[in-house]
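Open the model in your viewer and keep the selection panel at hand. The tour makes two stops.

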Amino acid sequence: MEGFIKFIGTGGARIVVAKQVRSTGGLWLNYRNTNVYIDPGPGALVRVHASRDHLEPSRLDGIILTHKHLDHANDINVMAEAMTEGGLKRKGVLFCPRDAIEEDPVVLRYVRDYVERTEVLKANGVYAVKDIEFEVPVRHIHPVEAYGLMFGLNKKIGLITDTRFFEELPDFYCPVDVLIVNVLRVKPILPDDRIDHLSLADFKEIIVRIRPKIAIMTHFGMSIIKEKPYLLAKSLKQETGLEVVAAYDGMRFDF
């Protein structure tokens, strides 16, 4: 094993954020000697310090925002400060969409000066920080700029962040060994719905078309949580013949 993904939080959307039925802290990615935080939502810093893996924010080499909504970016400023030891050590890379720092920014200007550099995410972009390399395959359909990620590590790991389903979406994340998908709700999302997210049916179509070795669903809204994600994953595993996992707060996936 050369790395791990720690699911600091597996909740998403406004009601789950407000009630903290599940944590909304995002993901910690470790690969070899590099640590990157993905989407530090509400509670990220507190949950990191409470982790059994003894994660230390000052050891972070970078932070990635897939988009600027609060359930993904609320703790970006405090995590950047923690990464740079309160700004005393200028280090690390911030990767984020342009609207996260320009239009109604979520990253404070003074905090941006703490990091070594900021790189703007865009479709077809290729990025790297130390041992971790990734690309952004496509812009998602969401109210703000949102991008999924494809990591080229010892395994190919894809992360489909918040988006409405569109026909070409699975093609941009194929092939992968591990696919992590934000699945908000059970009920199908219809064309006239105002929710630009993925449903359980969308998730099923995505994994059947891509056929990853392991499919992990996370970022659950209340409807998924009420239906018990591990039971939904078990059912999908039986229906598709694929290895389907429902992430839970604190889950560690080694690779």
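Buried means under 20% relative accessible area, exposed over 50%, and partly exposed in between, with a 1.4 Å probe and protein chains only. This is a predicted model, in which local features need pLDDT of at least 70, side-chain atom pairs count only at pLDDT 80 or more, and totals for chains, interfaces and linings use all residues. Residues are numbered from 1 along each chain as its sequence is written, and side-chain values use heavy atoms, leaving out hydrogens and water.

**Stop one: helix H8**

Select residues 229–240. This is helix H8, with twelve residues. Helices (H or I, at least four residues) and strands (E, at least two) are DSSP runs, numbered from the N terminus. From first C-alpha to last, H8 reaches 16 Å, close to the 16 Å expected at 1.5 Å a residue. That expected span is 1.5 Å times one less than the number of residues.

Now show the side chains of Pro-229, Leu-232, Ala-233, Leu-236 and Thr-240: these are the buried residues of H8. Look down the axis of H8: the buried residues fall within an arc of 100°, so they line one face of the helix. The arc is taken from the directions from the helix axis to the C-beta atoms.

What covers that face? Among the elements over the buried residues of H8 are helix H6 (200–210), strand S12 (214–218), helix H7 (222–226) and strand S13 (244–246). Contact means heavy atoms within 4.5 Å. Turn to the other side of H8, where Tyr-230, Lys-234 and Gln-238 are exposed. Step just past H8 to Gly-241, which takes a positive phi of about 75°.

**Stop two: Arg-47**

Select Arg-47, in helix H2 (residues 44–50). Arg-47 is partly exposed, with a relative accessible area of 37%. Leaving aside residues up to four places away in sequence, Arg-47 touches Ile-8, Gln-20 and Ser-23.
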